[in-house]
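Work through the exercises below with the model in view. Try each task before reading its solution.

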Amino acid sequence: MSKEDGTINLSDKKVKFWTDLINTETDDKKRTLSRSLEQKVDDNVDSKFNSMLKELKLLKPYQDHETSCKELEDFKNQKDLKEKSLEDKKKVTCNLIIDLYNRQAKIHNWEAIYDDEDLDIDDVKRKLMQVCRDELFSNYKKTTDDGKLLQEIDNRKKSMLVALNQPRLKFKEVDFNEAMSKGFEAVGIAYTSMDIKQLS
């Protein structure tokens, strides 16, 4: 409601309208930026995965485990006495992967792999690939323009919502529209001025 001094108090209904608008606009932009970062991850995760294995000293154990899993899979078709030997080898290579990875998991605060000595190479790769993806996404979030904008959106959104929900908020309509415009435009979202008094 507008007062004689030109200031405006927002009703709870109007606060909800602006809160919903801010959430919708920023969430849309964040989805677009997240898709962009996910595409960067998709484009680079395979090369990053191999370099990550080398950095963690997991490349040789991973390749050994991959080989032992493949050998076991090929051999099961023939069903001869070698099966037991290969199963034992698979357990050894898998346990080595689990031990080495879990040591790194403690250092980097990653989720540990449970001591399941029967993991296939696909299970191991899925776990390690997810760690690689998460690390790559986190790195892109810190080092790319899209990532920095994604963080800036979170900061701007928080500031806008905190300001909007201040008790006894008073402002002039032109000042409010200018503030909203600056808040949205700072994170690359177009804003169209609105007649606040007409909003219900």
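Helices here are DSSP runs of H or I with at least four residues, and strands are runs of E with at least two, all numbered from the N terminus. The model is predicted: local features need pLDDT of at least 70, side-chain atom pairs count only at pLDDT 80 or more, and totals for chains, interfaces and linings use all residues. Residues are numbered from 1 along each chain as its sequence is written, and side-chain values use heavy atoms, leaving out hydrogens and water.

**Exercise 1.** Find where helix 1 bends, and by what angle.

Solution. Start with the expected span: 1.5 Å times one less than the number of residues. For 44 residues, a straight helix would span 64 Å. Helix 1 (residues 12-55) spans only 54 Å between its end C-alpha atoms. Now look at Val45: helix 1 bends there by about 55°. That bend is the angle between axes fitted to the seven residues ending there and the seven starting there.

**Exercise 2.** Say which residue with a positive phi follows helix 1.

Solution. Most residues other than glycine have a negative phi. Lys57 follows helix 1 with a positive phi, near 60°. Lys57 sits in the loop between helix 1 and helix 2 (59-76). Its relative accessible area is 66%, so Lys57 is exposed (exposed is over 50%, buried under 20%, partly exposed in between, with a 1.4 Å probe and protein chains only).

**Exercise 3.** Decide whether Thr19 is buried or exposed.

Solution. Thr19 lies in helix 1. Its relative accessible area is 18%, so Thr19 is buried. Next, list its contacts (heavy atoms within 4.5 Å). Not counting residues up to four places away in sequence, Thr19 touches Leu161, Leu164 and Asn165.
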